Amino acid sequence: MITLASVADTVQSISNTFGVDWPMLIAQSINFLIVALVIWKFAFSNILSTIKEREKQIADSLKNADRIKLELEETEKKQQETLQEASLSAKKTVTEAQDKAKAFIESQKEDARKQAEEIVEKAKIAMEQERQRVLKEAREEIASLVILTSSKVLEKELSEEEKSRFSQSAADNLNISG
Amino acid sequence: MSTPAKHKNLAKRLLGLSLNDEGRINEASVTEILVSLRKESPIGLKSILRLFLAEIRKHEQTYHARAEIGCNEEKAVAEKILHKLESSTGKNLMLSVERNPSLISGCRVRLGDDVYEDSISSRLLALQKSFN
């Protein structure tokens, strides 16, 4: 009680010292409260809701940004993987193509070599046949010439006596079957 | 029997009538047959005459040998050939001889379808064939 009285005294002394007009103070306080309420009601709440909405939008945007960043990273990662895969695939394809090209070239070389061998072999056979034909013709020609010459020489050189002797001998030696 | 077969048989029978006792063609008999055929003038006379001629030639070749000789002494060689032919066939044969210088020397004998030859030209020909 004593304490309460001392506080009231203190307030009384302060108000006396600073010249506080209590009714005015109360009226102003009420006015302030009314104004504050009106402002709160019609201005602050809208602003706050807008701010909250903005905050939410910003938060969403940040979230989206994070998500997009993550997605981008993921996409970049996937892209890298795809690129690596594509690179590997391309390398593999190129290697296969090179191998196939090498095999094809080797096959073509082998075919060409075989064809060349066949051509050479055929040419050899043809040459041999031609050589044999020429030799045969030459042999026949030489034989024909030798025989012709021999017959001419014999016809000229054999005397009638020799011809007669040969003819009689031939008649004796005729192999006549009965 | 068909007409060609009849003609052939007739030609064979005419040939039989043309032979003498030795089995050789008798010229007089042949002449007589030809006169008779001309007189009778049977159907197909031309064909009969052709077949008769073929039969005569064929039969003549069985006893008539032909020799070609490549030297001037034809007589001695012909005698040897005839003796050889008759002793080999056992038949009494005729031999006509002619000189053939292309043989150079030696002889070629034809009797029927057979040809016997031993001449320088035939030996040279055989030699030429052996080279080929």
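**View 1. The four-stranded sheet of chain B in the predicted model.** The sheet is open and its pairing is mixed, with the strand order β2-β1-β3-β4. At its edges lie β2 and β4 (114-119) of chain B, each of which pairs on one side only. With direction ignored, neighbouring strands are turned against each other by 15 degrees on average.

**View 2. The pairing of β3(B) with β4(B).** These two strands run antiparallel and are joined by six bridges. For C107(B), the bridge partner in β4(B) is D118(B).

**View 3. Helices on the sheet.** Helix α3(A) packs on the sheet and touches β1, β3 and β4 of chain B. The direction of α3(A) makes about 40 degrees with that of β3(B). Helix α5 of chain B, residues 120-131, lies across β3 and β4 of chain B and runs at about 90 degrees to β4(B).

**View 4. The largest nonpolar core.** This core has 18 residues, and those with the most contacts inside it are A67(B), I69(B), V77(B), I81(B), C107(B) and V109(B). Two or more residues each come from α3 (160-173) of chain A and from β1 (64-69), α4 (74-89) and β3 (106-111) of chain B. The largest share, four residues, belongs to α4(B). A second, separate core has five residues, among them A11(B), L14(B), L15(B) and L51(B).

**View 5. The surroundings of V109(B).** Apart from neighbours within four places in sequence, V109(B) is in contact with L174(A), A65(B), A67(B), I81(B) and Y116(B).

**View 6. The side of chain A that touches chain B.** Contacts link 25 residues of chain A with 29 residues of chain B. On the chain A side, α2 (22-157) and α3 each give two or more residues. Helix α3(A) gives the largest share, 10 residues. By class, this side of chain A has nine nonpolar, 10 polar and six charged residues.

View 7. Most residues other than glycine have a negative phi. S41(B) is exposed, because 7 other C-beta atoms lie within 10 Å and the cut-off for exposed is 12 or fewer. I104(B) belongs to the loop between β2 (94-99) and β3 of chain B. I104(B) counts as buried because it has 24 C-beta neighbours inside 10 Å, where 20 or more are needed.

Conventions
Residues are numbered from 1 along each chain as its sequence is written. Chains are lettered from A and ligands numbered from 1 in the order in which they are written. This is a predicted model: local features need pLDDT of at least 70, side-chain atom pairs count only at pLDDT 80 or more; totals for chains, interfaces and linings use all residues. A nonpolar core is a set of buried Ala, Val, Leu, Ile, Met, Phe, Trp, Tyr and Cys residues joined through C-beta atoms within 7 Å. Two residues are in contact if their C-beta atoms, placed from the backbone, lie within 7 Å. Ala, Val, Leu, Ile, Met, Phe, Trp, Tyr, Cys and Pro count as nonpolar, Asp, Glu, Lys and Arg as charged, and the others, Gly among them, as polar. Two strands pair if DSSP finds at least two bridges between them. Axes are lines fitted to C-alpha atoms, for helices over the stretch in contact, and angles run from 0 to 180 degrees between N-to-C directions.
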